[in-house]
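Trainee: I would like to learn how to read a few features of a model. Please take them one at a time.

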Amino acid sequence: MFPELNSILNSTPDSFKSSDFILVSDRRADASFLIHHHLSFYLRAGCKVCFLGLVQSFSHYSAVGQRLGVSLAQAREKGQLVFLEGLKNSIGVILQEDTSQETQPLSYLRTPGAGLEGLFRFVESSVRQSGDGDAGESWGPPVLLIDDLSVLLSLGVSVGAILDFTLYCKATVCSELQGNMVILVRCEEEDADDDEEGSNLLQRGLVHQCNLALHVEGLPTGYCRDIHGQMEVWWRQEGETICNRRKIFHFKVHDKGASFFARGTSSAVL
Amino acid sequence: MAAPVRGMIGSTSIGNTTSFQKKTRSKLVSIPGTRPSVQNGQLLVSSGVSSLDYVIGGGLAVGTLLLVEEDHYDSYSRMLLKYFLAEGVVCGHELFLASARDHPDDIMQELPSPIVDDVAGMKISEGQSQPSDPENPDTMKIAWRYQNQPKVQTALASSVRFGHYYDVSKTMEPELRQAAKCHSFYQLQETPVSKVRNVLRLGLHSLGSVLWGDDVCCKDNPAHCHALTTFLYILRGLLRTSLSVAMVTVPSHLTQNRAVMGRIIRLSDTAIALESFKGSEKETNPLYKDYHGLLHVRQLPRLNCLSCEVPDTKDLAFKLKRKQFTIERLHLPPDLSETVSRVSKTELAAGCGSTATGNKHLDF
């Protein structure tokens, strides 16, 4: 959890907006540090978290979570965290061809044209589970975190199917259960030509559905060792009111967090 | 992650000078040719080229995928692949080589022979930066302000010797090569792979080229463009759950669709691109006369930590000499860092009475 980002977004683990759909995107940069922030934020807030980790292993997130002060292994044991390990389970799906219950969410690997219904069923069952094994311990509102939705494009799923999936998730998690959603999408260069099936189309479609968009890019002036990039915060909708505020910050990622500052005020140049 | 290491384990590879063995509770048996990373404890293997190890943050982490975008005639990327495999032979790792164009045995026969004497080792210690001796004032008369700056080393190397050096004019002795277990996959035949407890190095040559049956490189909108990307995704999943490291070369200059190349880069962990000057107009450019090509670092992985080893400059050039493949900085980056002391500013500010340790963001 990054305290500076909390103050920028005006949210703390004790008081944050519900029914929020946050879209994290990047272009030729790496915005995964924001996913780590949100993961530790919602675990600290006591929410029930469903995490679809499609591009990295569980130990990667738990190692980073350790540095940020949350224990993912403990949360998974207690039932607060449901983790779908994409990389590890996908080997089983591709090589062994068994259609047991555990491999249903990753059925898009075998039949990418069929859509993401299996994945949605998995998400729905995880967020609807009530904690009834632990002396009635109930968690807060459910949160869905997806690390890298755009990898599904590389696996052959169409943009339309992915947008359908996010719409279903939004209807279930945000509207029905008053929970939050944080999705990471990675884009390529802004290509003026075709690219009908590209990640830019996916990102534009998702931006229309979201309440808050965080876009990470490299610095427009070139590469700098001490400023790792710029992040644009776009407040689109707060509750019922539609606002349209944008702000740009520069950031630097350290070992234990990230610091954000206004443009031009990095300590390297002052 | 496949092999996290807590504490230091003395590596038994040739030339590694550390022999400190700390009693740890880690159940990892120390595998020759590997060492833990100083940054985050990842188990690293050398890529065969010590400058490249330095550029990608100490070495290749076990369980990751290195993507090399080939240069136009596939000369230097093939050289990097051979260095990678030769390093595996010398360290006793298992090898797996897949190639569509040349038979894997042909590539194996061209592996460079390792230099076993310590001549290269001595050269490294000479090239290291020496702090200037303040008792020797007659070294600089005009630029005396720079007396106390450390000497800039253009060649990138780390102080601890990790990896080996190879003489590219000689090929490896057949006995040395036979000693390594090598499995190969040629486009037309298949061989089974056995499971043993050692680091497995996978080399995949020219993946995505037409010879593999893929049309990513021919057409603007390939019919099955997700076959290659799905393969890379599953390969990375396999690598994460085993003690292996893979090096894949891709002819990116043939790919018409830039979006596919972007996806391929994001599906791998470390990605570099080689651009050689042969046949291009840069060959006659006086700026590049000492070098054979440019090396672009496209992506560095963040494994088990938030930040990665950020290089201070991205302008790197390489040259292939007989005994070394060196990567050097083309020119220095601007001197901007958080630790640069601005002595004159605090002297001026002292007159205004403000503290020197005020809010850094508001100081002018």
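Trainee: How many cavities of 30 Å³ or more does a search of the whole structure find?

Mentor: Rolling a probe the size of a water molecule over the atoms shows where empty space is left. Here the search finds three cavities of 30 Å³ or more; a cavity is a set of points, on a 1 Å grid over the protein atoms alone, where a 1.4 Å probe fits but cannot get out. This is a predicted model, in which local features need pLDDT of at least 70, side-chain atom pairs count only at pLDDT 80 or more, and totals for chains, interfaces and linings use all residues. Residues are numbered from 1 along each chain as its sequence is written, and side-chain values use heavy atoms, without hydrogens and water.

Trainee: What does A:Asp26 form with A:Arg186?

Mentor: A salt bridge, with the closest N and O atoms 3.2 Å apart; the term requires a side-chain nitrogen of Lys or Arg within 4 Å of a carboxyl oxygen of Asp or Glu. A:Asp26 lies in strand 1 of chain A and A:Arg186 in strand 5 of chain A, so the pair ties together parts 160 residues apart in sequence. Strands are DSSP runs of E, at least two residues, numbered from the N terminus. Over all chains, the structure holds 16 salt bridges.

Technical notes. Chains are lettered from A and ligands numbered from 1 in the order in which they are written. On a 1 Å grid over the protein atoms alone, a cavity is a set of points where a 1.4 Å probe fits but cannot get out, and a pocket is an open set with protein on both sides within 12 Å along at least five of seven lines; lining residues have an atom within 4 Å of a point. Grid points are joined across faces, edges and corners, and a volume is the space filled by probe spheres set on the points. Helices (H or I, at least four residues) and strands (E, at least two) are DSSP runs, numbered from the N terminus.
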